[in-house]
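Subject: Handover of a structure

Dear colleague,

I am passing on to you the structure shown just below, and after it you will find an account of what turned up in it.

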Amino acid sequence: MQVTVLGAGSWGTTMASMLSSRHPTMLWARNPAVAEEINRDSTNSAYLPGLQLGRKLVATADLEQASRHAELLVVGVPSSAMRATLSDAVAWIHPWIPIVSLAKGLEQGSLLRMTQVITEVAPGRPVAALTGPNIAPEIMAGQAAAAVVATEDLAVAAAIQQVLTRGVFRVYINHDVIGCELGGALKNVVAIAAGIAQGLGVGDNTRAAVMTRGLAELTRLGVAMGGQAITFAGLAGMGDLITTCISPHSRNRHVGEQLGAGRKLADILAEMNMVAEGVKTATTARQLARKHGVPMPVCDEIYKVVSGRSSASRAYRGLAVAPGHERDPG
């Protein structure tokens, strides 16, 4: 199986490195200097500092070369670059190959999930999403982790599962594409909320409450959009949420923590070389909540913070509101 991974960020590079031990794998990097470093030193110091990549991994900055190589295409670019990258590559992508999205976000404006974007740009190909609690440096270091590959055709999912599973990196299958993709995208907003709690120093009890209430919001919206509630109790929901909210490697938690410490969002993002998907997803989540009539107070507060309509400290004053039934929003 010839595999191509588009996107040489931390997660795309990690997947490509793992796959290269068993399959001829080519990693496309937008930056030629990154591709040169990978080929010369088997490292990607910009995104995975101090970690050694698979020696068999080949990198290129030539999108045509990478696309023509693929019998399985894995797309690890940020959600904001998904449509443009695939539009540039689609002329060279074989018509029959599966395409797997690693991106955990929603398209601005259209509100589409990543598999929907891929289907629009590269129609006629099997499309899947890989998601779950997957911190790239830990997986590169050989620590155990689990993910879920979601596609409606479970036969396709099982075939992709066989390719992606390696050692203690376990891949499960799921037919609930909507639930898996929404869980992966929307938990980033809750992670910003958890990070703010950390930055404010409000306590672990508070963070646990926010994470739990946030998960309830994601589940309500996911079900309203056609997902299954049970999905949000699994790897794509609770599993990914926990990791993104508590891990010091989490970009979205980092953004929240810095906001809680009183820093400006623009300054925080300017010093990051990776994308924190939750910043833009906060706006998308609010639009989806209104479209489907689902109350999402936690996500709404984060939208106000990242859009400059409120402050991080003010967002937590809502906890003083008298609650009702646990199943109620708020």
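The largest cavity has a volume of about 60 Å³, where a cavity is a set of points, on a 1 Å grid over the protein atoms alone, at which a 1.4 Å probe fits but cannot get out, and a volume is the space filled by probe spheres set on points joined across faces, edges and corners. Please bear in mind that this is a predicted model, in which local features need pLDDT of at least 70 and side-chain atom pairs count only at pLDDT 80 or more, while totals for chains, interfaces and linings use all residues. Residues are numbered from 1 along each chain as its sequence is written, and side-chain values use heavy atoms, with hydrogens and water left out.

To stay with the cavity, the count is one at 30 Å³ or more. Its lining (residues with an atom within 4 Å of a point) includes Ser 101, Lys 104, Thr 131, Cys 180 and Glu 181. Helix H8 (177–200) and strand E6 (127–131) each supply at least two of the lining residues, and H8 gives the most, with four; helices (H or I, at least four residues) and strands (E, at least two) are DSSP runs numbered from the N terminus. By class, six lining residues are nonpolar, four polar and two charged, with Ala, Val, Leu, Ile, Met, Phe, Trp, Tyr, Cys and Pro counted as nonpolar, Asp, Glu, Lys and Arg as charged, and the others, Gly among them, as polar.

The largest pocket, a pocket being an open set with protein on both sides within 12 Å along at least five of seven lines, has a volume of about 1,000 Å³. Of the 45 residues that line this pocket, Ser 10, Trp 11, Arg 251, Met 274 and Val 275 are the closest to its centre. The lining of the largest pocket divides into 23 nonpolar, 16 polar and six charged residues.

Two backbone points also deserve a look. Most residues other than glycine have a negative phi. Ser 42, however, has a positive phi of about 55 degrees, and lies in the loop between helix H2 (32–41) and strand E3 (58–60), where Ser 42 is buried (under 20% relative accessible area, with a 1.4 Å probe and protein chains only) at 5%. Leu 111 has a positive phi too, near 65 degrees; Leu 111 is placed in the loop between strand E5 (99–101) and helix H5 (114–121), and is buried at 14%.

With best regards

Key. Buried means under 20% relative accessible area, exposed over 50%, partly exposed in between (1.4 Å probe, protein chains only).
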